[in-house]
2 protein chains.
Amino acid sequence: MVESMQSRSQRARQAVLDATADLVAEVGVERTTIDEIASRSGVAKTTIYRNFASKEVLVVEAVHACTYIPVVTDTGSLRDDLISCFSGTTKASYDGRLGDMMLSLMDAAQRDPELGRLVRAQTDQRRRFATTVIERAIARGDLPADVDVDLVVTLLAGPLIYTKLVRRQRVTDELVAAVVDTVLSRYGVAPPADGQTGTLSSKV
Amino acid sequence: MVESMQSRSQRARQAVLDATADLVAEVGVERTTIDEIASRSGVAKTTIYRNFASKEVLVVEAVHACTYIPVVTDTGSLRDDLISCFSGTTKASYDGRLGDMMLSLMDAAQRDPELGRLVRAQTDQRRRFATTVIERAIARGDLPADVDVDLVVTLLAGPLIYTKLVRRQRVTDELVAAVVDTVLSRYGVAPPADGQTGTLSSKV
DNA sequence: CCCGAACGCTACGGGACCGTATCGGCCAGG
DNA sequence: CCTGGCCGATACGGTCCCGTAGCGTTCGGG
């Protein structure tokens, strides 16, 4: 009953989730087939059907297995924390395999409730990191208390995700800084004097 | 050789494009099948194959057939023109059938060059409307000449498209105004004094 | 050491689409 | 009127994928 007692099951399971993530990233959710997952992972199709109820469940677990959780910094500077937060989430989450999966996941989420919940959870989770940073700034008095936090998060995340998913361009540090500075300027937080778009603190 | 001499061909063609758009909006590009298009449109599968080389070509033409082109206003007020522009494109383009097609199109565009060009063209076209408005404001002196127009468009369009496609929420007039005002404040253009997010001019 | 549980392999029937061929019917131009 | 060209309907072989069954094998705990 203990978790660590399984060994070859566990290895097989991981191989299946890996192959699923790879396939979804390559050909999308729809074109991902159990047969292909089986042949890539080296796990028999029978075994996959024994362990996963449906392709959707499989995809959900595969996404969870490769989701990155950023470290939310607390430097005392709202601007630096936001830049760090969005550099982290955007780079680590939307680059690499998960980035290639997102569009297909969001598309499939329109029709499958299971995947719909998954995408919503992922989106909410990402937003919560930024929300935390902003609420801390409000508590410090760096932002007015009546700021619409949800709106601010949308103003910050929107251009970055749009750049990545719709325009299919790299999200550079300069873009992140420019977005953060633009939004903060509306609330009276000025960007650093040296250079218009500022430079990212080296720890990213 | 004249266009108006075809009649039943023309009707059939339109029925096929309509059915294709409906299907893509409902079930996505991948699950859209020629058989189903045939049965919905009442046009024989044979005829469809005679007139369209591939499903991708068919989808491209279907999208073109239902693309809305907004009227770019020129009121002399940058703020009003931007709000009008983005209200128009976001509402008319991303609501309705085209809105339901976009995610699936963008996903499919990752793998099919034909659809990739289509999505890119659509995106560029939308951006050009905003670009026009902004460049006119620069010419008037309402904005500094060294403004990064491309960045501004991204800052404006990003939150709206993100709200629509990723969060699956309605893009309200209030959101459009809030986004425009936030971005313009960075460049010294102040929102109207009455109310924080401003009210949309009635002509939208 | 040994037995049971889980796995790998192969094979199967069924279904969905594809793209094409065949043929009969209908509409338009000459 | 009548003929050529386009359309509609049907049918077909082929391919891919599904989900399950049967059976031999292998690994791990007792």
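**Walking through the model**

A: Chain A has 9 helices and 0 strands, where helices (H or I, at least four residues) and strands (E, at least two) are DSSP runs, numbered from the N terminus. This is a predicted model, in which local features need pLDDT of at least 70, side-chain atom pairs count only at pLDDT 80 or more, and totals for chains, interfaces and linings use all residues. Residues are numbered from 1 along each chain as its sequence is written, while chains are lettered from A and ligands numbered from 1 in the order in which they are written.

Q: Ok, what does chain A span along its principal axes?

A: The C-alpha trace of chain A spans about 60 × 40 × 30 Å.

Q: And how much of chain A counts as buried?

A: Of its 204 residues, 43% do. A residue is buried if 20 or more other C-beta atoms lie within 10 Å of its own, exposed if 12 or fewer, and partly exposed in between, with C-beta atoms placed from the backbone.

Q: I'm curious about A:Leu118. Buried or exposed?

A: A:Leu118 counts as buried because it has 22 C-beta neighbours inside 10 Å. A:Leu118 lies in helix α7 (residues 113–140) of chain A.

Q: Which residues does A:Leu118 touch, leaving out those up to four places away in sequence?

A: A:Val60, A:Val63 and A:Ala109. Contact here says that the C-beta atoms of two residues, placed from the backbone, lie within 7 Å. For A:Val63, 55 residues apart from A:Leu118 along the chain, the C-alpha separation is 8.6 Å.

Q: Switching topic: how many residues of chain A are in contact with chain B?

A: 27 residues of chain A, and they meet 27 residues of chain B. On the chain A side, α1 (8–31), α6 (96–109), α8 (149–166) and α9 (173–186) each supply at least two residues. The largest share, 10 residues, comes from α8(A).
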